[in-house]
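Visitor: I would like to go through this model with you. Please show it first.

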Amino acid sequence: MSDRRIGLAQGTALYVGAILGAGVLALPSLAARVAGPASVLAWLALVALCVPVAATFTALGTRYPDGGGVATFVMQAFGRQASAAVGWWFYFALPIGATAVAYVGGQYVAHAFGAGDDVAYLVAAVIVLIGLTTNAIGLHVSGGVQLLLIGVLGLLMVVTVLAALPKADLGNLTPFLPNGWAAVGQAASVLFFTFAGWEAVTHLSGDFADPKRDLPKVTAWTLAVVAVLYVGLALTCVLVLGPRLAASAVPITLLLEEGLGSGAAVLTGVLAFLLTTGVMNAYLAGGARLGAALARDGALPLPLARGGAAGRTPRRSLAVLGGVTVIVAVGSIAAGLDLGDLMLAASACFMAVYVAGLAAGAKLLPTGSPVWVGSLAACAVMAVVLVFSGWFLLLPVALALGSLAFRRIAKPKATVAA
């Protein structure tokens, strides 16, 4: 009998796949718009911060190997109410992230065909519709296909850097800090959108042959790969594109055009559409199941739990996600919010999840151990970065209050029904 366990290579591929996302197609520009060439420091700072974050989640994953991930750790440390807040942060950040990812794909396709925002919005709507439809009828992008798409993204990043780097100009590094040091913190808050995912290994910890031996190795390899890809791409964007970087919505296309010519626009547009559609499918599939699980545990209305069992489709939870995504998209256009605002709003929720998870690590891990010190330090730094979310910090606060209010209202009903 074969024992199907995750090996080091497969584990690293899965972990890297959880970190890389379609947001990286747009974030070099958004970060440069905020901090100029110094945005590279924000990329470097987040890569460095990922070391204690990954170490904390790895340590927690080996001690509490449960599919609940961060929510499980928070429940162990602070109880069900705190865990419910984490669930709400994840669940209601997904429609914001989905809107942002779809718009990224729309921008690349529109640019490839010389079209404007109307076409970008239309393509974004198609991407969301595809994700909702395939999930509603029970068709999911397989794990292998999803991993392949992420592999294509990684390859695209490598090809982009290699093709464009010969045209790097050190003069593009000046002025290095056009908007001051505070802008670097603001850029880091935006960039966290594409750094979320380090908690994914906690869901897989039980599938390794020897988690205590394999997880640290997988984490180290993942850190190395992500650092090279992210910092390499960010530095190349700044050195090659200079002032054009902050003004462009499609930095990868511009870099490829520098190295391969104008024909790269169509190729990049097609790849961006495929990548964002795959990410959308995964977003909605995972989000729908999260909503069903939260409803099952009393953190959302009980009817949303329907279809949450293995092999079934949680269509009610999916419908809520679809409805909220439409509201976010229409509201963003009406309010004049741009892609950076959407990513900052989603990042505020994701960072709040990480702060809670790291705080749980500081409480649950052995006091005085290196990983405990790391979790405590990373929690403090992450909280500071979270503050740079500005007004968007009110979103996780409102969601936490919403989860608290819901549990207080729903609890008496559950008692009467019992």
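Visitor: Which residues line the second largest cavity?
Guide: This is a predicted model, where local features need pLDDT of at least 70, side-chain atom pairs count only at pLDDT 80 or more, and totals for chains, interfaces and linings use all residues. Residues are numbered from 1 along each chain as its sequence is written, and side-chain values use heavy atoms, without hydrogens and water. A cavity is a set of points on a 1 Å grid over the protein atoms alone where a 1.4 Å probe fits but cannot get out, and lining residues have an atom within 4 Å of a point. The second largest cavity is lined by Leu 46, Leu 49, Cys 50, Val 53, Phe 192, Trp 198, Tyr 354 and Met 382.

Visitor: Which helix gives the largest share of that lining?
Guide: Helices are DSSP runs (H or I, at least four residues), numbered from the N terminus. The lining divides into eight nonpolar, no polar and no charged residues; Ala, Val, Leu, Ile, Met, Phe, Trp, Tyr, Cys and Pro count as nonpolar, Asp, Glu, Lys and Arg as charged, the others, Gly among them, as polar. The largest share, four residues, comes from helix α3 (residues 39-63).

Visitor: How do α15 and α16 run, roughly parallel or roughly antiparallel?
Guide: The axes of α15 (residues 339-364) and α16 (residues 370-387) come within 8 Å and cross at roughly 155°. Axes are lines fitted to C-alpha atoms over the stretch in contact, with angles from 0 to 180 degrees between N-to-C directions. Angles over 145 degrees count as roughly antiparallel and under 35 as roughly parallel, so α15 is to α16 roughly antiparallel.

Visitor: How many residues of the contact of α15 with α16 are nonpolar?
Guide: Contact means heavy atoms within 4.5 Å. Tyr 354 is among the residues of α15 that meet α16, and Met 382 is among those on the α16 side. No charged residue takes part, two are polar, and the nonpolar ones number 16.

Technical notes:
Helix = DSSP H or I, 4+ residues; strand = E, 2+ residues; numbered from the N terminus. Parallel < 35°, antiparallel > 145°, perpendicular 65-115°, else oblique. 1 Å grid on protein atoms, 1.4 Å probe; cavity = no way out; pocket = protein on both sides within 12 Å on 5 of 7 lines; lining within 4 Å.
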